[in-house]
Amino acid sequence: MKGVKLLEERKYIPFTEEMRKDYTILVPNMLPRHFKLFLQVFKNYGYKLELLETSGHRIIESGLKYVHNDTCYPAILVIGQFIDALNSGKYDVHKTALILFQTGGGCRASNYIFLLRKALEKAGYGFVPVISFNLGGLENHPGFRLTVPILHRLFYAIIYGDMLLSLVNQCKPYEVNKGETERLADELTVELADKMQKEGVSFKKVKENCKMILSRFAEIERVKEKKVKVGVVGEIYVKYSPLGNNNLEQFLIDEGAEVVVPGLLDFFMYCIVSNLTDIWLYGLNKLRYPVLKFVFNYLVKQQKEIIALMKEDGNFAPPTPIEHTMELIKDFMGLGTKMGEGWLLPAEMLELNDEGVHNIVCTQPFGCLPNHICGKGMMKPLKEKNPDMNIVAIDYDSGASKVNQENRIKLMLANARANMAEKERENGIKAEPENEKTEILA
Ligand code: SF4
């Protein structure tokens, strides 16, 4: 009987064509800039989506009320944010649906949809449909279909989102007029979403738009000042989400650092490589091989073209091509290590180090075994071969003290500054005091 009850609790309510007309679909916020572009793509196809930008301790409390505290921290936050929104009175709960992202990999994230449905049932919202956003056909929702034109536009939204993320991080710590970088990024987000609708999906247009983005950011007046660069890696949700990492990016900027965060395209390509690895190592689904290989090569080619374009522009540091990142990790870990962020996590640490970003915050959510192995667990071997690396692992969970997290990061920053001063002494360059404005760029 208990088993039957469990199945009933996990039964999904399909999102129908009828619902598409007047339901609001709530989206948990992970990557603010990218998600705004994604939402616009869906809006252009007749969906009404809303990004949840709520924060505060009550989200954690809502999560803990309906999800066991042993569950991964990202799941507690996402489920808490959904239930908090439904409780808020802002939405007609009978005209509201939720969307959850599933990679379809072996990690627990692929099962959180059942946890969410169970939590909704307990909270009295068992009738609210939950849409699974996945590329593996895990569930069927007739009113929500990821068609080829939508996927094509979402891919270009990832390219734009990654570029905005990178340029904001390269400009914001140095801007002369406070707030100018964020304002420009907000303006461009709307403009790009609009262009995607009007211009259709042509990579030629995407490249033209990328050139336009680069030139607009280059116009931002910046001070020439040497700041400590800090890379952020980790489990995908706590790495990117300000709710998950207690606004880590802003904290680092306030502490006088420049933040470097690898883009979402890397994760997307990592997921494709994981599928290819299943074929290489275990001979699974061989029929999918040509399609996966074609998509991977296509993405690699487009990533290279964007990198070439940034190099030609010369104003901002471009990302590292995924093939080079894969090359960097091969002496440390096999591509078969693919639970959670798997090999990508230490590979991104090596990628950052290779780009000259030696200081790294590795964000680790509570309850995340794969990332503790591939993150914290890999710090020692990476540092042994790369003594310049200054990595700190920060745990994020519902009971973690923000002050404690910040103090550990401050300690890492103190080491980073000492290392920078030491290097400058060795090179015979006089270290400039932090925040001293020397030269105005642009
Ligand atoms: S990657 Fe970690 S946090 Fe994410 S679902 Fe897997 S175990 Fe949980």
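Domain bounds here come from an automatic or database domain assignment. On that basis, this predicted model has a protein chain divided into domain 1 (2-144) and domain 2 (226-263 + 319-427). The C-alpha centres of domain 1 and domain 2 lie 29 Å apart.

**How the domains meet**

- On the domain 1 side, 23 residues are in contact with 19 residues of domain 2.
- Together, domain 1 and domain 2 bury about 1,500 Å² between them, and carbon and sulfur atoms give 74% of that area.
- Three residues stand out in domain 1: Met30, Tyr73 and Pro74 supply 39% of the area that this domain buries against domain 2, more than any other three residues.

**Polar links and helices at the interface**

- How many salt bridges cross the interface of domain 1 and domain 2? The rule finds zero.
- Polar contact does occur across the interface of domain 1 and domain 2, in two residue pairs, both at pLDDT 80 or more.
- Helix H4 (57-66) and helix H5 (73-87) are the elements that give two or more residues to the side of domain 1 that touches domain 2.
- H5 provides the largest share of that side, with five residues.

**Salt bridges in the whole structure**

- The structure holds 25 salt bridges.
- One of them joins glutamate 182 to lysine 172, with the closest N and O atoms 2.9 Å apart.
- Glutamate 182 sits in helix H8 (residues 180-199), while lysine 172 lies in the loop between helix H7 (148-171) and H8; the two residues are 10 residues apart.

**A nonpolar surface patch**

- Which residues make the nonpolar surface patch of about 460 Å²? They are Trp280, Leu281, Tyr282 and Leu284.
- Leucine 281, one of these patch residues, is found in helix H12 (residues 264-282).

Conventions:
Residues are numbered from 1 along each chain as its sequence is written. This is a predicted model: local features need pLDDT of at least 70, side-chain atom pairs count only at pLDDT 80 or more; totals for chains, interfaces and linings use all residues. Side-chain values use heavy atoms; hydrogens and water are left out. Patches are made of residues with over 30% relative accessible area and no salt bridge: like charges are joined within 9 Å, nonpolar side chains (Val, Leu, Ile, Met, Phe, Trp, Tyr) within 5 Å. Accessible areas come from the Shrake-Rupley method with a 1.4 Å probe; for residues, only the protein chains shown count as cover. A salt bridge is a side-chain nitrogen of Lys or Arg within 4 Å of a carboxyl oxygen of Asp or Glu. Helices (H or I, at least four residues) and strands (E, at least two) are DSSP runs, numbered from the N terminus. Contact means heavy atoms within 4.5 Å. Buried area is the accessible area (1.4 Å probe) that two parts lose on being put together, summed over both. A polar contact is a pair of N or O atoms within 3.5 Å; within protein, one must be able to donate a hydrogen and the other to accept it, and residues adjacent in sequence count only if both atoms are side-chain atoms.
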